[in-house]
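Then let's walk through some of its parts together.

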Amino acid sequence: MSAVEAKTIGESAEQAEVDLTLDNISIVPDSLCMACGGSGETRIMLTKIPLFREVLLSSFACPHCGERNTEVQFGGETQPKGCRMAVTCSSREDLDRQVVKSESCKVLVPDLELEIPAATQRGVVTTVEGVLTRAADELAALQPQRLVADVEVGRKVQRVIDALRDRAAGDFDEFQLIVDDPAGNSFVQPLSQPDSALTTTHYERTDADAIALGFRPGESSTSKTVEGVDDMLAKPSEEREVMTFGVDCPHCRAPGEEQMCVAKIPYFKECVIMSFSCAACGYRNAEVKGGGAVPLKGCRATLKCVDEGDLLRDVLKSDTAAVTIPELDLELVHGTLGSVYTTLEGCLDKIVDALLRGNPFGDSAETENRRKFEAFLDRVRALRDGKVFPFTVIMQDPLANS
């Protein structure tokens with residue numbers, strides 16, 4: 001993004017003040033053009049991409065030389081795991097899928113043996129067609145030099161460029177595009193739920209990935225070991241104390257404080273409760289992990305809710321549990337909501353919040369789709385508020401930690 005040209009200290013501070021209210025466009029009028037040295041204009045907007053997260057969009061234009069560029073940055077933290085999204089393109093609709101590519105993301109086209117490294121392109125919001133077109137344009141920019149240096153290599157690269165342009169124009173049978181981001185901040189738009197042409201997987205980062213992202217090798221909020229934990233677990237539950245130890249904040253990387261204790265839930269098992277808070281940025285997080293060995297069998301619990309008393313039942317949901325409400329045709333797959341220890345009412349409230357955060361029907365969606373989504377949310381809220389009985393909640397956990 002273009003640097004802001006500072007004239008005086010006071011004026012610079014005033015110009016650098018940007019309103020990051022969601023969907024509000026801020027204009028920085030005196031931005032230094034890196035092409036001609038003149039003064040251009042930068043527009044900045046914080047927005048939320050449906051089914052993804054908040055991103056910071058910036059656009060620069062210079063009226064003197066015509067220089068223009070756009071960039072996308074992420075308003076949140078690096079995700080706990082990397083993500084890899086593979087989309088099989090077989091129609092024009094697949095080329096129109098929205099793609100969010102972060103600076104740490106690499107793009108692969110396996111049938112062309114093409115890999116676009118992360119460092120070669122900035123963060124950008126585009127489409128599958130735009131990714132292919134941009135790759136072809138950047139390869140073509142140095143074609144004259146390649147043909148002079150090595151004719152054979154230049155011809156091979158030209159075949160790749162032609163193949164990319166053919167695919168971008170819709171002249172193809174079928175091909176696969178892979179978006180791989182160790183920071184977990186890239187996204188490919190699904191065309192339906194579920195989308196059989198789009199496969200998303202999450203993976204643990206390697207040491208090389210961590211170094212590329214600016215972390216220390218092996219640095220992870222889930223991989224830290226703490227001296228004295230084994231001694232605490234060896235004590236009877238009534239003698240255990242809350243342990244406090246230092247952990248870097250995953251949001252701002254400032255030193256934070258993690259608290260951990262082991263609690264025994266009646267008629268169930270021991271659970272590890274962890275809570276993190278950061279004094280620097282205010283980030284807070286809580287997790288509940290099942291203790292003990294992995295059982296031989298999973299568990300499936302079915303609750304028939306008939307009155308408001310059932311909404312007050314304690315619920316322990318691990319991050320491996322799936323939740324189903326047949327009356328709503330609602331199914332939350334493993335990993336949704338993370339691990340929580342709450343009541344049934346609290347669990348339904350978290351479901352509403354998760355649906356609102358991941359709302360797939362933004363401002364650009366059709367009115368009918370938005371209306372149906374709001375009607376579905378109202379049905380979930382009615383269950384949460386105890387206005388509709390009876391209904392059934394099914395919780396299935398392959399590790400029996402719920």
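What follows is a tour of strands, charge pairs and a surface patch.

First, some housekeeping: this is a predicted model, where local features need pLDDT of at least 70, side-chain atom pairs count only at pLDDT 80 or more, and totals for chains, interfaces and linings use all residues. Residues are numbered from 1 along each chain as its sequence is written, and side-chain values use heavy atoms, with hydrogens and water left out.

Let's begin with the strands. Helices (H or I, at least four residues) and strands (E, at least two) are DSSP runs, numbered from the N terminus. Two strands count as paired if DSSP finds at least two bridges between them. Find β9, β6 and β11: in that order they make an open sheet of 3 strands, with antiparallel pairing. β9 (124-127) and β11 (187-188) stand at the edges with a single partner strand each, so one side of each has no neighbour in the sheet. Strand β6 (residues 98-101) pairs with β9 over 4 bridges, in the antiparallel sense.

Now move to β10 (175-181). Is β10 mostly covered or mostly open? It is mostly covered, as 6 of its 7 residues are buried. Here buried means under 20% relative accessible area, exposed means over 50%, and partly exposed is in between (1.4 Å probe, protein chains only). Strand β5 (residues 82-89) runs antiparallel to β10 and is joined to it by 7 bridges. β7 also runs antiparallel to β10, with 3 bridges joining the two. I178 in β10 is a handy landmark: A86 has I178 as its bridge partner, and L108 stands opposite I178 as well.

On to the charges. Side chains of opposite charge can pair when their charged atoms come close. A salt bridge here is a side-chain nitrogen of Lys or Arg within 4 Å of a carboxyl oxygen of Asp or Glu, and by this rule the count comes to 14.

Which residue forms a salt bridge with D195? That's R97, with the closest N and O atoms 2.7 Å apart. D195 lies in the loop between β11 and β12 (198-203) and R97 in the loop between α2 (92-95) and β6, so the pair ties together parts that are 98 residues apart in sequence. Both D195 and R97 are buried.

R167 and D111 also meet in a salt bridge, at 2.4 Å from N to O. Since R167 lies in helix α5 and D111 in the loop between β7 (106-109) and β8 (114-116), this pair ties together parts that are 56 residues apart in sequence. R167 counts as buried because its relative accessibility is 13%, while D111, at 43%, counts as partly exposed.

E41 forms a salt bridge with R43, the closest N and O atoms being 3.1 Å apart. E41 is partly exposed at 31% relative accessibility, and R43 is partly exposed at 40%. Elsewhere, R92, D96 and E129 are linked in a network of salt bridges.

Last stop: the surface. D162, D166, D171, D173 and E174 gather there in a patch of negative charge. Patches are made of residues with over 30% relative accessible area and no salt bridge, where like charges are joined within 9 Å and nonpolar side chains (Val, Leu, Ile, Met, Phe, Trp, Tyr) within 5 Å. Look for D171 in the loop between α5 (151-168) and β10; at 56% relative accessibility, D171 counts as exposed.

Methods: Areas by Shrake-Rupley, 256 points an atom, 1.4 Å probe, with all protein chains shown as cover. Lys, Arg positive; Asp, Glu negative; His and termini not counted. Charge placed at Lys NZ, Arg CZ, Asp CG, Glu CD.
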